Amino acid sequence: YAGTLSYRNGHIEYGAYRPIEHDLDAQFSATPQIFTLTRAVLRSGPSRFVLDATVQDYSTTPRVQATYDATVDVGQFRRILNNPSLPEGVLRAAGSLRYVQEPNRPALDTTVLNGDVSSRVLDLRSGSMRAQIRDLGAHYSLANGNVEVRDIRAFLLGGELTGTLTMRNLTGTSRSNLNAALHGISLADLKSLMNSSSMQQVALRGQ
């Protein structure tokens, strides 16, 4: 069986948040053993999510292989969520995913995810706080219930931020470790940023 699915002006509503308006276009085919999704495109304003996926043995022991490419207007979700701590700008994430259903194992333990995230410019604007993050990039992976984000890099406050982040045992007693280094950061700009009332609120929520 082969077919297409599309609709326009769909709405996702959740709680008190603003509805997310979106369009969907997808092509698919199915046999008793394999389901294939070909270039499913979900659009919401300037944001777009593209997915290609294959599911084998979906009636018994599903095995999924997929690739994705997402372009997200963060400012759009800032307005939908009414969250001024979110930046303005565009994020792009692209990569691949594999999943195999195994008895008595959580889905996160049998999922393998790899990808890269990047952004040319992100503007932080909240209250009196003003900052800009340029050339953000990182590589992320998920395997065996562990997350690793490496090669983190970004230019801000006149200098460069680099680092790595690891999160272990997401399905159990998880633990995280962040290593970051600042190079050539303007101390005056950093002090001004940290003294802003909005930045203090963000830091308080993060504790």
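Author: Contact here means heavy atoms within 4.5 Å. This is a predicted model, where local features need pLDDT of at least 70, side-chain atom pairs count only at pLDDT 80 or more, and totals for chains, interfaces and linings use all residues. Residues are numbered from 1 along each chain as its sequence is written, and side-chain values use heavy atoms, with hydrogens and water left out.

Reader: Leaving aside neighbours within four places in sequence, which residues is Ile152 in contact with?

Author: Neighbours of Ile152 within four places in sequence are set aside. The partners that remain are Gly137, Ala138, Leu161, Thr162, Gly163, Thr164 and Leu165.

Reader: Which residues make up the largest nonpolar core?

Author: A nonpolar core is a set of buried Ala, Val, Leu, Ile, Met, Phe, Trp, Tyr and Cys residues joined through side-chain atoms within 4.5 Å. Buried means under 20% relative accessible area, exposed over 50%, partly exposed in between (1.4 Å probe, protein chains only). The largest such core has eight members: Tyr68, Ala93, Ala138, Tyr140, Leu142, Val147, Val149 and Ile152.

Reader: Is His139 buried or exposed?

Author: His139 belongs to strand β8; strands are DSSP runs (E, at least two residues), numbered from the N terminus. Its contacts beyond four places in sequence include Asn114, Asp116 and Arg150. The relative accessible area of His139 is 15%, so this residue is buried.

Reader: How far from the backbone oxygen of Gly115 is a polar atom of the His139 side chain?

Author: Gly115 is among the residues in contact with His139. From the Gly115 backbone oxygen to a polar side-chain atom of His139, the distance is 3.0 Å.

How values were computed
Helix = DSSP H or I, 4+ residues; strand = E, 2+ residues; numbered from the N terminus. Polar contact = N/O pair within 3.5 Å; in protein donor to acceptor, adjacent residues only side chain to side chain.
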